[in-house]
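Work through the two exercises below with the structure open beside you, and try each task before reading its solution.

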2 protein chains.
Amino acid sequence: MKNKNVSSETITLGHGSGGELTRELLDNIILKTFSNPYLDQKHDGSIVKFEGEIAVSTDSFVITPIFFKGGNIGELAVHGTVNDVAMCGAIPKYLSLAFIIEEGLKISEFIKIVQSIKKVADESNVLIITGDTKVVERGKGDKIFINTTGFGEVHPKANISVQHINEGDKILVNGFIAQHGMAIMSEREGLEFESTIESDSTNLNFLVKDLLDEFGDQIKLFRDPTRGGLGTVLHEISNAISKGIFIKETFIPLEKQVAAACEMLGLDPLYVANEGVFLVIVDPSIATEVLTFMQNHIKGVNAAIIGEITNEHPNKVIMESLIGGKRIVNPLVGEQLPRIC
Amino acid sequence: MKNKNVSSETITLGHGSGGELTRELLDNIILKTFSNPYLDQKHDGSIVKFEGEIAVSTDSFVITPIFFKGGNIGELAVHGTVNDVAMCGAIPKYLSLAFIIEEGLKISEFIKIVQSIKKVADESNVLIITGDTKVVERGKGDKIFINTTGFGEVHPKANISVQHINEGDKILVNGFIAQHGMAIMSEREGLEFESTIESDSTNLNFLVKDLLDEFGDQIKLFRDPTRGGLGTVLHEISNAISKGIFIKETFIPLEKQVAAACEMLGLDPLYVANEGVFLVIVDPSIATEVLTFMQNHIKGVNAAIIGEITNEHPNKVIMESLIGGKRIVNPLVGEQLPRIC
């Protein structure tokens with residue numbers, strides 16, 4: 001798109017000065033795109049009304065490349081934080097939005113990112129209510145980093161806590177794992193597959209709300225396995241409850257070509273990042289009902305029960321493999337895929 | 001200090017993986033330092049209770065150098081956001097805290113920053129309730145960037161709005177301007193003065209609260225002139241109210257050696273950043289009372305009435321100079337001091 005309202009083709013240090021160029025960027029791109037009564041106050045902060053319990057979550061996004069199959073850093077910055085707020089059993093309502101831009105970023109790329117943020121924020125039913133823009137010199141950043149902090153109202157029926165988890169509780173996931181990490185990895189490595197692997201970056205707040213409307217305090221935990229992947233998150237839960245987790249590899253939703261890509265690159269899909277996947281832990285008595293409910297929802301079509309809580313091997317996650325062997329799923333050590341979100 | 005609980009001397013990409021090294025950094029440094037019931041939930045978000053109106057503000061801090069006379073990037077990240085929330089007429093209560101660290105940052109430096117954050121958060125009476133840590137490769141960041149997003153309860157007596165500003169209203173500042181910018185500039189240029197110029201980085205929330213307790217809705221506006229300095233902020237206010245602002249140079253609190261340093265470097269103190277300064281706009285009938293009140297407060301000892309609102313020259317800020325001439329104060333164009341906050 002033409003950026004006729006901004007007087008240069010690229011972001012300069014002046015755009016971070018707090019002076020006229022900052023004002024131009026704000027007025028002609030950011031405020032124009034996100035215009036709403038909160039942001040239009042043009043103060044350094046915004047005032048919103050709330051009653052009761054609020055869930056708050058923050059994330060900085062440093063993904064590279066900033067544009068990838070299935071999304072871009074802007075979409076990710078909205079989905080990531082919307083989902084983290086939702087995982088608290090809350091309905092996300094507002095986001096703050098802070099950019100750290102490297103001098104030289106094309107204004108056209110910046111506009112594309114800002115417009116993506118607007119689009120997915122609208123889809124997710126959240127408003128951008130306050131923000132910040134900083135610029136760093138060439139070589140002191142990497143195109144653009146984005147922080148979003150989100151807050152939402154805790155669902156009146158929610159009673160999410162690891163403390164409610166008991167032996168026998170079932171663990172469900174809403175869909176295919178490892179899509180996001182492998183999309184990024186393929187992009188970086190220039191790999192070609194029969195069909196494109198796309199990031200699963202999406203909002204999960206509507207499915208979470210519908211689950212809470214339907215099952216309320218029978219839902220014991222939501223958790224989204226982003227960085228570190230499913231394996232790391234299961235390990236964290238296992239440690240938090242001092243119980244074991246048993247999963248079956250055959251139950252874990254994994255697309256064939258994602259599995260093939262992992263194999264080719266020597267990566268374990270259990271540790272590959274997701275951006276549209278979440279875990280639900282529920283009492284075994286309602287597990288199949290929750291499963292069916294999820295499978296009938298657009299964000300849970302490929303949902304599955306992947307395993308359960310056990311007292312057999314406290315603090316350990318054990319997976320039965322496709323061929324029937326058992327192995328301990330250790331937490332990820334070191335870095336598998338840097339800057340995946 | 002010894003960092004015996006972390007298994008390396010510097011931050012590595014693994015510390016941003018979401019896996020074991022991230023966990024180590026979190027458990028042994030971050031959670032250990034900030035431990036509180038919210039953060040100890042160890043979820044991706046926190047749940048807090050609120051009633052009524054909430055002020056929200058976000059800022060990313062990219063200052064260089066990260067340690068400077070009178071503070072460091074961690075202190076600044078707390079003060080900056082605490083003050084932005086306070087400027088909304090609110091009492092800051094909670095902060096989120098997100099790090100983007102460049103691979104290679106010394107763990108000892110990171111610990112120093114984290115401890116500074118803890119110290120000034122305690123002093124400012126705010127809790128760190130949720131956070132995030134990302135790591136980028138060497139040369140893709142610059143030591144450390146910090147985002148804080150702050151939440152506070154709007155003071156029950158506050159009724160802050162540019163719309164309440166009338167002709168004749170008086171403009172006060174709480175103290176010396178241009179200290180922060182010149183401290184950073186001296187540090188970068190290796191300048192030596194008779195005595196050290198220190199950043200004015202400090203929290204302003206207690207003085208703001210006391211002013212609201214005492215004068216309530218008679219306070220029409222608070223605003224802190226950080227990036228862009230006093231001149232840019234006055235210009236913004238003038239535009240927002242479509243009225244003129246008249247100030248006298250002789251009334252503006254400016255330390256002699258800061259003035260000298262500005263002169264030496266060819267900088268106009270009106271555009272130099274502050275981190276402990278704020279403007280108050282009030283009805284002329286209470287201006288001297290507010291002034292005395294501020295001067296009796298530890299954060300307002302050097303307060304002064306610097307000018308007033310006028311209908312004479314709408315959308316223009318005019319300053320009478322020391323020698324009696326008048327000049328238009330234009331907004332800052334371009335970048336005066338990059339990465340000042």
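**Exercise 1.** In this predicted model, which holds 14 aromatic pairs over all chains, classify the pair formed by the rings of Phe50(A) and Phe151(A), and find what parts of the chain the pair ties together.

*Solution.* Begin with the geometry: the ring centres of Phe50(A) and Phe151(A) are 5.9 Å apart and the planes stand at 40°, so the pair is tilted. Next, locate the two residues: Phe50(A) belongs to strand E1 (residues 46-61) of chain A, while Phe151(A) belongs to strand E6 (residues 144-154) of chain A, so the pair ties together parts that are 101 residues apart in sequence. Then turn to accessibility, where buried means under 20% relative accessible area: Phe50(A) has 2% and therefore counts as buried, and Phe151(A), with 0%, counts as buried too. Finally, look at the surroundings, where ring pairs link Tyr38(A), Phe50(A), Tyr94(A), Phe151(A) and Phe151(B) into a cluster.

**Exercise 2.** Decide whether Lys134(B) is buried or exposed, and describe what its side chain reaches in chain A.

*Solution.* With a relative accessible area of 2%, Lys134(B) is buried. Now list its contacts beyond four places in sequence, which include Asp59(A), Ser60(A) and Arg227(A) as well as Phe99(B) and Ile100(B). Last, follow the side chain of Lys134(B), which makes a polar contact with the side chain of Asp59(A) at 3.3 Å and reaches the backbone oxygen of Ser60(A) at 2.7 Å.

Methods
Residues numbered from 1 in each chain as written. Chains lettered and ligands numbered in written order. Predicted model: local features only at pLDDT ≥ 70, side-chain atom pairs only at ≥ 80, totals over all residues. Heavy atoms only, no water. Buried < 20%, exposed > 50% of the residue type's maximum accessible area, 1.4 Å probe, protein only. Contact = heavy atoms within 4.5 Å. Polar contact = N/O pair within 3.5 Å; in protein donor to acceptor, adjacent residues only side chain to side chain. Phe/Tyr/Trp six-rings, centres within 6.5 Å; stacked < 30°, edge-to-face > 60°. Helix = DSSP H or I, 4+ residues; strand = E, 2+ residues; numbered from the N terminus.
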